[in-house]
Amino acid sequence: MNTTLLKNSQKAFFLLVLLLLFVSAAPKEEERPTHVPFLDVVEYFDLNYEFHSTTGTIKLAKENRSLTLQLGSHEVYDSEGRIYHMRVPLLLSEAQILLPAGGVDIIIEHLLRLYVSWEYVDATFNTYKGPKPVRRLDQQQREKQITIPSNSVKTVIIDAGHGGKDPGGIGYNKIKEKDIVLKVAKELERELKGRLRGVEVIITRDKDIFLSLDERSEIANSANPINNPIYISIHANVSFNTNTRGYESFYLSLEPYNDDAREVASMENSVLEFEIENYNDYLREIINRIVDIEYRRESMKLAELIQEGLEENVRNESLNRGVKSAFFYVLKAVKMPSVLVEIGFVTNPEESSMLQTKEYAEKIAKGIADGIEDFTVIFSQTEGFTK
Ligand SMILES: [Zn+2]
């Protein structure tokens, strides 16, 4: 009995030393916000939740695990009654629930059972496996990617926005969005076919024809899922302010990034007006559809890489307006990672005349193609973002 006791205490001592070593070796916490919007956490990590307004409790669930939190409380309970402590409480501020950073850690560890670090910058979540995020790939890394492994993106769908009776945005000197985006989409098709061997490149329209949103998503969704298709919709922007310029990429979200993003979304969604006969059915179908945020993480990454690609090619000729999220019907109906790129403002006199030159259209196409290429490389290296 004595020897067992001794062994146990030795074991306990050994574990304690290990624990101390681990704690001292753990990376220092990055500077991060004390709270993050609860709904952003739910959306990013794809969690289920129930909010009981009478008691102010929130039950979060993932698979068969759950955690319970309460407004104003520092404590988090799991389904076995274990209690985890947050340094600051769960807050309600301006009709928004704010989750302490420590709560995010508890969710990641105990609900998701993941070992990732995270940051929340410019209202956007990022998680990282290691200490350093994946950044743009250098030429050497790109050249390694000569043969396409099985788990890779093998289909790219390029959607040229608007067309036919739907001109899209009307800009300076009556320049039409549908014409600008068709030129860039075709340039992008040529560029991708030239550099991505073994990848099928599909364009939704290569001439001035009208396509309904249903027809666009049908073209996209007819791609075999085994080919890991991705979807890039090309648009150009309008603004009442003729000085506004720059390019931005949107990924699908149920919550628009801000009022500007909401405006872009409602403008791009206005194509529904051209589809009077099935407008209501279409809308109902979308509203009734279960929230589908399966591809959000991939879409966000694709949007980031496209913005980086554009910035490298366009340099100071235009402005990087960043990655944003918005609710676009055309992206909602597409079952794959999808991004909507607004390549510039047709209402800005300089940008609109620049957008009409072959030289600038090529730069834009190259930038988007760089982003897509980087995405396909990372997709393969991480086996579809599973590693
Ligand atoms: Zn558009």
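**Figure 1. Secondary structure and overall surface of the chain.** The chain of this predicted model contains twelve helices and 16 strands. It comprises 387 residues, of which 48% count as buried. The accessible surface of the chain amounts to about 20,700 Å², and carbon and sulfur atoms account for 53% of that area.

Figure 2. His35 belongs to strand E1, which covers residues 35–37. With a relative accessible area of 17%, His35 falls under the 20% limit and is therefore classed as buried. Its side chain makes a polar contact of 3.2 Å with the side chain of Thr34. A polar atom of the His35 side chain also lies 3.0 Å from the backbone oxygen of Pro89. Beyond its neighbours within four places in sequence, His35 is in contact with Val88, Pro89, Leu91, Leu98, Leu99, Pro100 and Ala101.

**Figure 3. Nonpolar surface patch including Leu39.** Leu39, Tyr49 and Phe51 together make a nonpolar surface patch of about 280 Å². Leu39 is located in helix H2, which spans residues 38–45. The relative accessibility of Leu39 is 42%, so this residue counts as partly exposed.

**Figure 4. Helix H9 and the residue that follows.** Helix H9 is formed by residues 296–314, 19 residues in number. From its first C-alpha to its last, H9 reaches 26 Å, close to the 27 Å expected at 1.5 Å a residue. Of the 19 residues of H9, 15 are buried, so the helix is largely enclosed by the rest of the structure. Arg315 follows H9 and has a positive phi, near 50°.

**Figure 5. Salt bridge between Arg82 and Glu80.** The model holds 17 salt bridges, one of which joins Arg82 to Glu80. The closest N and O atoms of this pair are 2.5 Å apart. Arg82 is partly exposed, at a relative accessible area of 44%, whereas Glu80 is exposed, at 60%.

**Figure 6. Salt bridge between Asp208 and Lys178.** The side chains of Asp208 and Lys178 meet in a salt bridge with an N to O distance of 3.1 Å. Asp208 lies in the loop between strand E12 (200–203) and helix H6 (213–221), while Lys178 lies in helix H5 (residues 177–195), so the pair ties together parts that are 30 residues apart in sequence. Asp208 counts as partly exposed, at 42% relative accessibility; Lys178, by contrast, is buried, with a relative accessible area of 9%.

Figure 7. A salt bridge of 2.9 Å, N to O, is formed by the side chains of Glu248 and Lys324. Glu248 is in strand E14 (residues 247–252) and Lys324 is in strand E15 (residues 320–326), so the pair ties together parts that are 76 residues apart in sequence. Both Glu248 and Lys324 are buried. A further view shows Glu187, Arg190, Lys358 and Glu362, which are joined into one network by salt bridges that share partners.

Methods
Residues numbered from 1 in each chain as written. Predicted model: local features only at pLDDT ≥ 70, side-chain atom pairs only at ≥ 80, totals over all residues. Heavy atoms only, no water. Patch = residues over 30% accessible without salt bridge, like charges linked within 9 Å, V, L, I, M, F, W, Y side chains within 5 Å. Areas by Shrake-Rupley, 256 points an atom, 1.4 Å probe, with all protein chains shown as cover. Salt bridge = Lys/Arg side-chain N within 4 Å of Asp/Glu carboxyl O. Helix = DSSP H or I, 4+ residues; strand = E, 2+ residues; numbered from the N terminus. Buried < 20%, exposed > 50% of the residue type's maximum accessible area, 1.4 Å probe, protein only. Polar contact = N/O pair within 3.5 Å; in protein donor to acceptor, adjacent residues only side chain to side chain. Contact = heavy atoms within 4.5 Å. Expected span 1.5 Å × (residues − 1).
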